[in-house]
Each structure stands twice: as C-alpha cells, then as structure tokens.
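Grab a pencil and work through a few exercises on how two chains meet. Have a go at each task before you read its solution.

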Amino acid sequence: MTEYWSWWQGGLALGGLTVLFRLLLHRPLGVSGSWLKIASSRQEWLADHQAQQFANDQAAVSHALLQATLAQFGEQALAGRQPGSDSNKQADPKNSGASPASVGQHAVFLVCIFIGGLLAALYTGRFSVDLELSQLLTSLSHGVAQSWLYLLFGGMMVGFGTQMAAGCTSGHGLSGCAQLSVASLAATGIFFSCAVFTAMFFSLAL
Amino acid sequence: MSRLIKQYSANALLGLLLGMVLANIGFADYDELHRMLSLKDPRMLLSFVMAIIMAGTAFAVFAEYLPRQKKLFHPGIIPGSLLFGVGWAVCGACPAIVFVQLGMGKLPALMTLVGIFLGVKLYRYVHARYLRWDTGSCSV
C-alpha cells in the first residue's frame with residue numbers, strides 16, 4: 001500500500017482540478033448540485049413532459065384561432081404571417097426548454113467519481129471489500145450494525161445540510177472560497193468548525 | 001451532437017480525476033479524516049488551504065476567462081452548514097467522498113449514500129413546503 005500524497009501534492013492536484021472544472025464545464029466545481037439534479041430528475045422529467053403536452057395543446061388552440069381569424073377578417077389581417085407558423089415553433093421539442101441531457105451529465109460525473117476512486121484504490125493497493133468503514137466508528141457506535149445506522153443518520157444530515165446551505169466542501173469550500181464569496185467563507189468556517197467540534201467530542205467519548 | 005459528446009466527456013474526465021485525487025489525498029479514509037478534524041494531522045487541511053489559494057490566484061489572474069459566479073448569502077447558509085459539519089464528522093463523507101469510499105470497496109458507504117439521497121429528498125420537500133428561499137443551487 002502506497003502512502004497518501006503529501007500536502008503540497010494534494011493541494012496542487014485539488015487546486016488544478018478546481019480551475020480545470022471551470023475551464024472545461026464553465027461552472028464552479030460542486031457535487032451537491034449534481035445530487036440535486038439526480039434526486040429531482042423524475043420531477044424534472046414530469047415537468048418537461050407536462051410542458052411538452054401544454055405546448056402541443058397550445059399549438060392546436062393557436063392554429064384554430066388563426067383559422068377563425070382568417071375566416072372572419074381575411075388574409076390582410078395577418079399580412080406577412082403564415083397560418084400555423086407560430087404554433088409549429090411552440091410544438092417543436094427543441095423550443096420546449098427540456099434539458100434531460102444535463103441530468104445525464106451529472107449522473108456521468110458522479111459515476112466517474114466512483115470509478116476514479118476504484119482505479120486509485122486498485123492502483124495503490126487500498127482496495128478491499130469491507131463491512132466495516134473504520135474501527136474508530138465501530139468503537140464509537142458500539143458495533144458494526146450500529147455503525148451502519150450512524151452512517152445513515154450522518155448521511156441524511158449531509159444531504160439535508162448541503163442542500164440547505166446550497167453547497168458542500170467542493171462548492172463552498174473550494175470554488176466559493178477561491179472566489180472570496182462571503183457566503184462560502186461563512187459556510188466553510190461554520191461546517192469546518194462544527195466538524196472539528198464533533199470530532200473532538202468523539203475523541204473525548206472514546 | 002459533438003458539443004453534447006464533449007460535455008459528457010468533460011464530465012467523465014473531471015469525475016475520474018476528482019475521484020482519483022480525493023482517494024490519493026486520503027479524504028475518503030475515515031481515520032485520516034478524523035485525524036484532520038481532531039487537529040492531530042494538518043496534512044489534508046494544508047492541501048485544502050493550498051488548493052483554495054491556488055484556485056483563487058488563478059481566478060484572480062485569469063478573471064477575464066474565468067468569470068466569478070458567487071454564491072448567494074441566503075437564510076439556509078448557517079443552519080445548513082451546521083448540519084453538514086456534524087454529518088460530515090459522523091459519517092466521514094461529503095457528497096463526493098461517498099462515491100470514492102464505495103470505489104474503495106467500503107460497503108457501509110452504501111448507507112451514507114442512501115442517507116444523503118433521503119436527506120436531499122427531505123430537504124426538497126421541506127424547502128418547497130415551508131422555506132422557499134432562493135438558494136441559488138441551480139447555478140451550482
């Protein structure tokens with residue numbers, strides 16, 4: 001098993017990645033936003049589907065109104081316009097605002113984090129299928145089964161908290177702090193202090 | 001079509017690199033993380049600070065090519081960060097780290113994954129039903 005990177009190697013890699021993310025994807029590095037996209041993918045699909053249905057219905061209504069206008073006032077009332085031209089535009093899926101690809105891109109990003117972790121673990125000899133995350137956690141929770149409940153509870157706090165704060169260690173901690181965003185500096189200071197206090201409390205409890 | 005392939009490829013490449021970098025620094029190691037949070041080993045904290053300084057310098061020097069996208073200071077920042085901080089220390093994972101832990105073969109991270117998913121879902125419900133402030137998360 002190889003050693004972890006030194007602080008400056010890790011800093012260079014993480015800092016470079018933060019910049020590369022912005023250059024290639026034109027958005028700040030952030031993972032909680034990808035979670036939100038995945039968790040709300042069904043609702044987004046339903047909203048897009050309903051918008052599409054509405055657009056199709058609206059096209060039929062617009063077409064009928066246009067025909068009625070032509071019948072009542074003649075073609076001079078619509079000089080330069082073709083019957084149904086607007087409704088065709090609205091019915092075009094390209095104009096519906098649907099963006100299913102973005103959910104797919106976020107999913108690919110998250111899956112590739114998993115693959116990256118797997119490749120790194122295989123390369124460094126750290127890969128091992130374990131039912132125990134850490135002996136420290138098992139001691140804290142008085143058993144492996146209880147530790148799984150701790151993880152579920154902790155995960156819920158992470159999921160709820162990062163969505164409420166609209167960012168996590170990458171979004172607020174790396175991207176936000178690098179841009180000197182006041183919200184991100186405050187968020188990072190708070191979540192880091194809380195994590196330190198909690199870890200200190202665990203150390204005392206052992 | 002080619003633009004879409006480029007975007008997918010960029011997401012895949014950056015995901016791979018992020019997973020590798022986080023695994024090699026040690027952020028996915030519960031014990032290593034607790035050594036950092038208990039202030040017993042500053043190595044990972046220094047990496048984090050150096051990354052912020054490096055990225056901040058790049059954003060300042062190349063401001064023309066890397067436009068700022070600042071986060072909103074909304075009412076959820078403080079309580080959300082408090083919850084996240086405690087949760088991070090309890091489960092040893094943030095939304096990216098959980099995937100790295102799974103990649104390293106740590107099966108308990110599945111519970112963290114389920115927990116994060118439930119937490120995100122629960123917040124969506126609570127936000128839509130009671131809170132409704134603009135978190136700016138669409139721009140994340």
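Predicted model: local features only at pLDDT ≥ 70, side-chain atom pairs only at ≥ 80, totals over all residues.

**Exercise 1.** Work out how many residues of chain A and chain B are in contact, and how much area is buried between them.

*Solution.* Start with the residues: 110 of chain A are in contact with 105 of chain B. Next, the area buried between the two chains comes to about 10,000 Å². Carbon and sulfur atoms give 78% of that.

**Exercise 2.** Find the salt bridge across the interface of chain A and chain B, and count the residue pairs in polar contact.

*Solution.* The rule finds 1 salt bridge across this interface. Now check the partners: B:Lys106 pairs with A:Asp130, and their closest N and O atoms are 2.8 Å apart. The distance falls within the 4 Å cut-off, so the pair counts as a salt bridge.

Then sort the chain A side that touches chain B by element and class. H1(A) gives the most, with 18 residues. By class, that side has 68 nonpolar, 37 polar and 5 charged residues.

**Exercise 3.** Identify which helix gives the most to the nonpolar patch on the surface.

*Solution.* First, list some members: the patch includes A:Phe114, A:Phe127, B:Leu107 and B:Leu110. Its residues have about 890 Å² of accessible area together. Then place A:Val111, another member, which lies in helix H5 of chain A. H5(A) turns out to give the most, with 5 residues.

Note on methods:
Residues numbered from 1 in each chain as written. Chains lettered and ligands numbered in written order. Heavy atoms only, no water. Contact = heavy atoms within 4.5 Å. Buried area = accessible area lost by both parts, 1.4 Å probe. Salt bridge = Lys/Arg side-chain N within 4 Å of Asp/Glu carboxyl O. Polar contact = N/O pair within 3.5 Å; in protein donor to acceptor, adjacent residues only side chain to side chain. Helix = DSSP H or I, 4+ residues; strand = E, 2+ residues; numbered from the N terminus. Nonpolar A, V, L, I, M, F, W, Y, C, P; charged D, E, K, R; others polar. Patch = residues over 30% accessible without salt bridge, like charges linked within 9 Å, V, L, I, M, F, W, Y side chains within 5 Å. Areas by Shrake-Rupley, 256 points an atom, 1.4 Å probe, with all protein chains shown as cover.
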